[in-house]
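Visitor: I am new to this structure. Please show me how to read its features, one at a time.

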Amino acid sequence: MEYHLTTDDRQWLEEIWGNIRKKMAVGCERIGTDIPFEAENGKYTDMGKQNIYWWTNGFWPGMLWQMYHATGEELYRTTAEGVEARLDEALEGFEGLHHDVGFMWLHSAVANYRITGNEKSKIRGLHAASLLAGRYNPLGQFIRAWNSHSGNECTGWIIIDCMMNIPLLYWASKEVNDPRFKAVAVHHADTVLKTTIRGDGSSNHIVMLDPENGEFIDNPGGQGFDSGSSWSRGQAWAVYGMALSYKHTGKTEYLDAAKQVAHYFIANVAETGYIPLVDFRAPAEPVCYDTTAGVCAACGLLEIAGHVSEYEKPLYIRSAIKILQATERKYCNWNPEEDSIVSGGTGAYHSEIKEIPIIYGDYFFIEAVLRLLDKDIFIW
């Protein structure tokens with residue numbers, strides 16, 4: 001896609017790409033097949049040893065595959081393959097897996113298969129897709145979130161995050177020429193449209209449904225401030241997730257929803273210098289930001305730009321670039337001796353640990369920069 005970048009945009013992107021290459025080259029050597037999550041004092045610990053089922057465990061290999069695709073440097077490939085092999089423990093263990101298998105295996109096994117044609121990676125991806133499809137509740141037409149959460153069994157819970165996992169089902173349906181996987185994804189996306197995305201473009205994080213019939217029960221606050229608030233990373237999941245469902249299905253309702261949530265997101269971040277607050281609908285104090293919401297939304301905005309008319313594109317492209325540039329100015333760490341690129345990530349509004357480096361912030365930042373440079377590999 002042509003992004004109609006200015007000379008200043010291109011100069012900035014090339015400079016940032018140079019910084020990414022330097023940082024990732026050293027980081028790949030140092031981190032290797034460890035599985036990063038959050039950095040403390042400039043160093044990652046290995047989440048693979050702490051929890052092989054953790055939902056972010058695919059983002060490091062996703063970064064490595066993006067780098068391999070863009071540079072052809074073999075170390076990125078072999079390291080990503082090493083992490084992918086480690087994740088077999090999660091597939092074999094099974095009980096700790098839930099709706100986030102898309103995040104885990106789209107960025108590892110499916111990315112590998114798309115780039116190299118590795119048949120074992122294809123099988124891993126199809127295995128993960130089967131697990132995700134197996135969480136589908138036909139009575140309520142939704143994919144169940146989690147196994148248990150905060151003491152709840154979550155039998156009828158759905159969360160907006162899952163919109164970013166169902167691309168695994170779209171991929172599997174096409175790969176094996178079987179409409180069942182896609183049907184599950186579409187049913188879930190339709191239920192999200194009805195129950196989770198609000199009329200003003202904001203989104204719930206969690207919605208509790210009656211597992212016997214899919215009727216609405218409640219919308220707890222989840223990782224946002226409270227019920228009815230607007231957790232910014234949830235908004236980002238909605239922007240990108242709905243745009244991706246449109247890409248895979250052509251259903252205009254999904255693109256309309258993506259645009260609606262995007263407009264809500266853009267209006268809110270414009271008020272805070274294009275760095276999103278953790279929750280757009282929360283008390284004025286304390287002030288707390290989440291850069292990961294911004295960089296994920298930037299990828300979603302660029303995805304939307306690929307599906308709208310020529311005169312609509314600039315709103316989404318310019319907003320994405322403003323988010324990326326604001327993030328880089330305030331939060332990027334280019335010191336090659338320290339792990340992580342993007343700091344300022346916050347997992348949840350009520351978390352005690354706020355504004356720290358989190359691995360998916362790096363992933364989405366790199367994906368967005370490479371997309372603008374036409375060097376990315378489509379992972380979703």
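Visitor: Which residue in E6 is the bridge partner of Ile 159?

Guide: The partner is Ile 206 in E6. A word on the source first. This is a predicted model, where local features need pLDDT of at least 70, side-chain atom pairs count only at pLDDT 80 or more, and totals for chains, interfaces and linings use all residues. Residues are numbered from 1 along each chain as its sequence is written, and side-chain values use heavy atoms, with hydrogens and water left out.

Visitor: How do I read a sheet, and which strands form this one?

Guide: Strands of a sheet pair through backbone hydrogen bonds, either parallel or antiparallel. Two strands pair if DSSP finds at least two bridges between them. Strands (E, at least two residues) and helices (H or I, at least four) are DSSP runs, numbered from the N terminus. Here, three strands make an open sheet in the order E5-E6-E7, with antiparallel pairing.

Visitor: Why is one side of E5 and of E7 left without a neighbour in the sheet?

Guide: Strand E5 (157–159) and strand E7 (216–218) stand at the edges; each has a single partner strand, so one side of each has no neighbour in the sheet. From one strand to the next, the twist averages 40°. Angles run from 0 to 180 degrees between N-to-C directions, and axes are lines fitted to C-alpha atoms, for helices over the stretch in contact.

Visitor: How many bridges join E5 to E6, and how many pair E6 with E7?

Guide: E5 and strand E6 (residues 206–209) are joined by three bridges. E6 and E7 have two. Look at Met 208: Trp 157 stands opposite this residue, and Met 208 also stands opposite Asp 218 in E7. The hairpin of E6 and E7 has six residues between the strands, and there Gly 214 takes a positive phi near 80°.

Visitor: Which helix packs on the sheet?

Guide: Helix H9 (residues 179–195) does, touching E5 and E6. The direction of H9 makes about 90° with that of E5. His 188 lies in H9.

Visitor: Is His 188 buried or exposed?

Guide: Buried means under 20% relative accessible area, exposed over 50%, and partly exposed in between (1.4 Å probe, protein chains only). His 188 has 0% relative accessibility, so it counts as buried. Contact means heavy atoms within 4.5 Å. Leaving aside neighbours within four places in sequence, the contacts of His 188 include Phe 142, Ile 158 and Met 163.

Visitor: What is a cavity, and how many does the search find?

Guide: On a 1 Å grid over the protein atoms alone, a cavity is a set of points where a 1.4 Å probe fits but cannot get out; a pocket is an open set with protein on both sides within 12 Å along at least five of seven lines; lining residues have an atom within 4 Å of a point. Grid points are joined across faces, edges and corners, and a volume is the space filled by probe spheres set on the points. The search of the whole structure finds two cavities of 30 Å³ or more. Of its 14 lining residues, Met 24, Gly 27, Ile 31, Trp 60 and Ser 340 are the closest to its centre. H1 gives the most to this lining, with five residues.

Visitor: And how much space lies in the largest pocket?

Guide: About 550 Å³. It is lined by 26 residues, and among the closest to its centre are Trp 54 and His 149.
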